Amino acid sequence: MSGLNISCQVLSGGQSAKIAVSGTSAQSAALTSTSYLVSTDTDVFVRTGANPTAVADGTDQVLFAGNQFRVLPILPGNKLAFITSGGVGSVYLTPDA
């Protein structure tokens, strides 16, 4: 029997950010940490940079709904941009979790 171990640090709260996503690229605020736990309730494409614009044509990395992703290393001050290939949803970012 095999299993998947997904670990995260449970924080005191009030540290996550929620980003509404749709078929138009949406950016996070400037990131302050070097690692983030990312959860999404819909499939999204993601890109990072100083002023990123995500695209849904398959050139950006896809994050599948219902999973948690540890995104690192992040350059503090950069942002993450997200887009769906259709539909709407939310992406949740938690620093250092």
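Me: Which residues touch the most other members in the largest nonpolar core?

Reply: In soluble globular proteins, nonpolar side chains tend to be buried together. In this predicted model, the largest nonpolar core has 14 residues, and I19, V38, L80, F82, V91 and L93 touch the most other members. At least two residues of this core come from each of β1 (17–21), β3 (36–40), β4 (44–49), β7 (79–83) and β8 (89–95).

Me: With which residues is I19 in contact, leaving aside its neighbours within four places in sequence?

Reply: I19 is in contact with A26, Q27, S28, F82, G89, S90, V91 and L93.

Me: How many helices and strands does the protein have?

Reply: There are eight strands and zero helices, and the pattern along the sequence reads β-β-β-β-β-β-β-β.

Me: In what order do the four strands of the open sheet stand?

Reply: Strands of a sheet pair through backbone hydrogen bonds, either parallel or antiparallel. Here the order is β1-β8-β3-β6, with antiparallel pairing. The edges are held by β1 and β6 (68–71); each has a single partner strand, so one side of each is left without a neighbour in the sheet. From one strand to the next, the twist averages 25°.

Me: Over how many bridges do β3 and β6 pair?

Reply: The antiparallel pairing of β3 and β6 extends over four bridges.

Me: What percentage of the residues count as buried?

Reply: Of the 97 residues of the protein, 36% count as buried. The protein exposes about 5700 Å², of which carbon and sulfur atoms supply 53%.

Terms used
Residues numbered from 1 in each chain as written. Predicted model: local features only at pLDDT ≥ 70, side-chain atom pairs only at ≥ 80, totals over all residues. Heavy atoms only, no water. Core = buried A, V, L, I, M, F, W, Y, C linked by side-chain atoms within 4.5 Å. Buried < 20%, exposed > 50% of the residue type's maximum accessible area, 1.4 Å probe, protein only. Contact = heavy atoms within 4.5 Å. Pairing = 2+ DSSP bridges. Axes fitted to C-alpha atoms, helices over the stretch in contact; angles between N-to-C directions. Areas by Shrake-Rupley, 256 points an atom, 1.4 Å probe, with all protein chains shown as cover.
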